[in-house]
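Hello,

Here is the structure I promised to pass on. My notes follow just below it, so please have it open while you read.

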Amino acid sequence: MRNTPTSVMLFAAGFGTRMKHLTAHQPKPLVHVAGRPLIDHALDYAYAIEPKTILANLHYLPHMLQTHLADTNVRTITESPDILETGGGLRNALPILGNGPVVTMNTDAIWSGPNPVKLALEAWQPDTMDALLVCIPVDQTVGYNGNGDFSISPDGQINRGHGLVYGGVQIIKTDRLAAVPEQAFSLNVIWDQMLADDRLFGLPYPGRWCDVGHPGGIAQAEELLNV
């Protein structure tokens, strides 16, 4: 069905500058946590839903990720010469992903608890939602020092605010992407349109979550996984 996501996109194009020396010679998705590259942890969640297509976008040191993924069924698309950010990157990948809703995943987080992708699919209601973001209550995060990205209403709609951190997993419809004039843009542009139309929803995650965007996050993530 058109409104049931059958494709997963892994965002793997970033420079990983917060990782400092750890990404001087490798892309961030290849940084190891608990003996495995970050992108492999993300793939575990993606494979569990048996999608028709899994795609990773690449930009920084793309050949290393291409080599790592060569023996998998993960397709890749390299953004060149410029990186396209999350919104531009997703739009660039639509010829491969198709035009229906897509699961997108960041590749720099570790989850402790149920599969966030499965939870999102179970909660997805395309008649009322244009995007469903899996969010973590601030007190269930590890190594996060902010107040959150969103607040949530009783019906599940989210607004910019405090209390919930976007965890990097979502289901999103892609029809709004074509109208954005910029080539490189953040998905925040699309989220703001959905907010204005009361079509942006959040799903509070019942487990714990760790951002591994900086070197200190590796040890925190491994402790979360009891490694």
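How far does helix α3 (residues 85-97) reach from its first C-alpha to its last? The span is 17 Å for 13 residues, close to the 18 Å expected at 1.5 Å a residue (the expected value is 1.5 Å times one less than the number of residues). Helices here are DSSP runs of H or I with at least four residues, strands are E runs with at least two, and both are numbered from the N terminus.

Before going on, some housekeeping. This is a predicted model, in which local features need pLDDT of at least 70, side-chain atom pairs count only at pLDDT 80 or more, and totals for chains, interfaces and linings use all residues. Residues are numbered from 1 along each chain as its sequence is written, and side-chain values use heavy atoms, with hydrogens and water left out.

Back to α3. The helix has a kink of about 30 degrees at Arg 91, shortly before the proline Pro 95 (the bend is the angle between axes fitted to the seven residues ending at a residue and the seven starting there). Its buried residues are Gly 87, Gly 88, Gly 89, Leu 90, Ala 93, Leu 94 and Leu 97; buried means under 20% relative accessible area, exposed over 50%, and partly exposed in between, with a 1.4 Å probe and protein chains only. These buried residues pack against β1 (7-11), β4 (53-58), β5 (75-78), β6 (102-106) and β12 (164-172), where contact means heavy atoms within 4.5 Å. Just after the helix, Gly 98 takes a positive phi of about 90 degrees.

Leaving out residues up to four places away in sequence, Gly 89 touches Met 9, Asn 57, Glu 79 and Leu 84. Its C-alpha is 7.6 Å from that of Glu 79, which is 10 residues away along the chain.

Next, a sheet. Three strands form an open sheet in the order β7-β14-β9, with mixed pairing; strands pair if DSSP finds at least two bridges between them. At the edges are β7 (109-112) and β9 (141-142), each pairing on one side only. Two bridges join β9 and β14 in the parallel sense, and Val 142 stands opposite Cys 210 of β14. Helix α6 (residues 216-224) packs on this sheet, touching β7, β9 and β14, and its direction makes about 160 degrees with that of β14 (axes are lines fitted to C-alpha atoms, for helices over the stretch in contact, and angles between N-to-C directions run from 0 to 180 degrees).

Asp 211 belongs to β14 (residues 208-211) and counts as buried because its relative accessibility is 15%. Its side chain makes a polar contact of 3.5 Å with the side chain of Arg 18 (a pair of N or O atoms within 3.5 Å; within protein, one must be able to donate a hydrogen and the other to accept it, and residues adjacent in sequence count only if both atoms are side-chain atoms). A polar atom of the Asp 211 side chain also lies 2.9 Å from the backbone nitrogen of Gly 213.

Finally, two enclosed elements. Strand β13 (residues 200-204) has four of its five residues buried, so the rest of the structure largely encloses it. Five bridges join β13 to the parallel strand β8 (residues 131-137), with Cys 135 partnered by Pro 204. Helix α1 (residues 38-47) is also largely enclosed, because eight of its 10 residues are buried, among them His 41 and Tyr 45.

Best wishes
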